[in-house]
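This briefing goes through a predicted model, taking aromatic contacts, sheets, cores and a few single residues in turn. Please read it alongside the sequence and the structure shown below.

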Amino acid sequence: MMKKIYPDAATALTGLLFDDMHLCVGGFGLCGIPERLIDAIQQDGVKGLTIASNNAGIDNEGLGKLLRSRQVKKMISSYVGENKEFERQFLSGELEVEFCPQGTLAERCRAGGAGIPGFYTKTGVGTQVAEGKEHKDFDGETYILERGIFADLCLIKGWKADKAGNLMFRKTARNFNAPMATAGKICVAEVEEIVEVGELDPDCIHLPGIYVKRLINGAPYDKKIEFRMTRERQDA
């Protein structure tokens with residue numbers, strides 16, 4: 001079995017990073033993001049990055065750290081959201097942003113991983129999303145051509161993995177991590193627990209180990225919350 005387990009994120013990324021590279025990074029907000037791998041990229045200092053990810057986390061958390069350190073040249077995202085630095089860089093022209101509807105972004109990554117160079121969708125027709133893209137009519141309806149995404153490197157976060165790289169996601173963390181895991185030349189994953197081969201129920205494996213080239217155990221993690229909302233206790 002090829003050695004897949006590395007002692008830490010920096011070691012797992014050795015020889016994979018270079019300026020002006022294209023990355024796919026899993027996660028949604030602060031859920032299911034590869035925190036340790038993002039930190040290692042920040043410490044490496046690689047620049048000119050083009051990153052496909054649903055969003056850029058929040059200020060100085062997740063991919064927001066790479067925005068603060070000015071390592072990102074372009075974001076392919078569906079949501080600017082709660083990251084004020086993302087918004088500021090975009091509005092000031094310091095950051096190139098390609099907005100992409102959320103479902104389209106997931107499908108572009110899935111398509112890239114499946115060897116599909118492009119597909120037609122109705123999503124975005126008649127909006128700025130469609131500008132400059134090929135239009136085609138099918139059965140009286142207009143569709144636009146979206147290109148599949150295939151990156152130099154994919155970074156994902158899982159819940160459990162075995163030593164062969166077979167991986168499980170926990171609940172909503174599966175959303176972007178699963179399609180992005182296949183959409184690049186190399187996939188590096190971080191997980192909360194690594195078990196022996198055979199300990200995972202085969203029917204519960206979400207990503208076969210053949211896609212995961214390098215793997216780290218990033219535990220322990222601190223649960224970060226984007227919005228903390230509370231209410232006064234209601235006595236019975």
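**Aromatic pairs**

- A search of the whole structure for aromatic pairs finds three of them.
- The rings of Phe 90 and Phe 99 have centres 5.3 Å apart and planes at 90°, and because an angle over 60 degrees counts as edge-to-face, the pair is placed in that class.
- Tyr 120, Phe 138 and Tyr 143 are linked by ring pairs into a cluster.

**The parallel sheet**

- Seven strands, in the order E4-E3-E2-E1-E8-E11-E13, make up an open sheet in which the pairing is parallel.
- At the edges of this sheet stand E4 and strand E13 (214–217), each of which has a single partner strand, so one side of each is left without a neighbour in the sheet.
- From one strand to the next, the twist of the sheet averages 20°.
- Strand E1 and strand E2 pair in the parallel sense over three bridges, and Cys 24 has Ala 52 in E2 as its bridge partner.
- Helix H6 (residues 174–181) packs on the sheet, where it touches E1, E2, E8 and strand E11 (184–191), and the direction of H6 makes about 145° with that of E8.
- Strand E3 (residues 72–77) and strand E4 (residues 96–99) run parallel and are joined by four bridges, with Met 75 standing opposite Val 97 in E4.
- Between E3 and E4 the chain passes through helix H4 (residues 84–91), and this β-α-β crossover is right-handed.

**The antiparallel sheet**

- Three strands form an open sheet with antiparallel pairing, in the order E5-E7-E6.
- Its edge strands are strand E5 (118–121) and strand E6 (135–138), each of which pairs on one side only.
- On average, and with direction ignored, neighbouring strands of this sheet are turned by 40° against each other.
- Four bridges pair E5 with strand E7 (residues 141–147) in the antiparallel sense, and Arg 147 in E7 is the bridge partner of Gly 118.
- Helix H5 (residues 102–113) lies across E5 and E7, and its direction runs at about 150° to that of E5.

**Nonpolar cores**

- The largest nonpolar core has 30 residues, and those with the most contacts inside it are Leu 13, Leu 23, Ile 41, Ile 51, Leu 153 and Leu 155.
- Two or more residues of this core come from each of helix H1 (9–12), strand E1 (22–25), H2, strand E2 (49–52), helix H3 (64–68), E3 and strand E8 (151–157).
- H2 supplies the largest share of this core, namely four residues.
- Apart from this core lies another core of 24 residues, which includes Ile 76, Ile 149, Phe 169 and Ala 181.

**Helix H2 and Ile 41**

- Within helix H2 (residues 35–44), the buried residues are Glu 35, Leu 37, Ile 38, Ala 40 and Ile 41.
- When residues up to four places away in sequence are not counted, Ile 41 touches Leu 13, Leu 17, Leu 23, Val 46, Leu 49, Leu 66, Gln 71 and Leu 155.

- Leaving aside neighbours within four places in sequence, Thr 50 is in contact with Met 21, His 22, Leu 23, Lys 73, Lys 74 and Ile 76.
- Glu 131 has its place in the loop between E5 and E6, and with a relative accessible area of 60% Glu 131 is exposed, because the value is over 50%.
- The C-alpha atoms of Glu 131 and Pro 202 are separated by 44 Å, and the two residues are 71 residues apart along the chain.

How values were computed:
Residues are numbered from 1 along each chain as its sequence is written. This is a predicted model: local features need pLDDT of at least 70, side-chain atom pairs count only at pLDDT 80 or more; totals for chains, interfaces and linings use all residues. Side-chain values use heavy atoms; hydrogens and water are left out. Two strands pair if DSSP finds at least two bridges between them. A crossover is right-handed if, with the strands pointing away from the viewer, the path from the first strand over the helix to the second runs clockwise. Buried means under 20% relative accessible area, exposed over 50%, partly exposed in between (1.4 Å probe, protein chains only). Axes are lines fitted to C-alpha atoms, for helices over the stretch in contact, and angles run from 0 to 180 degrees between N-to-C directions. Contact means heavy atoms within 4.5 Å. A nonpolar core is a set of buried Ala, Val, Leu, Ile, Met, Phe, Trp, Tyr and Cys residues joined through side-chain atoms within 4.5 Å. Rings of Phe, Tyr and Trp (its six-membered ring) pair if their centres lie within 6.5 Å; planes under 30 degrees apart count as stacked, over 60 as edge-to-face and the rest as tilted.
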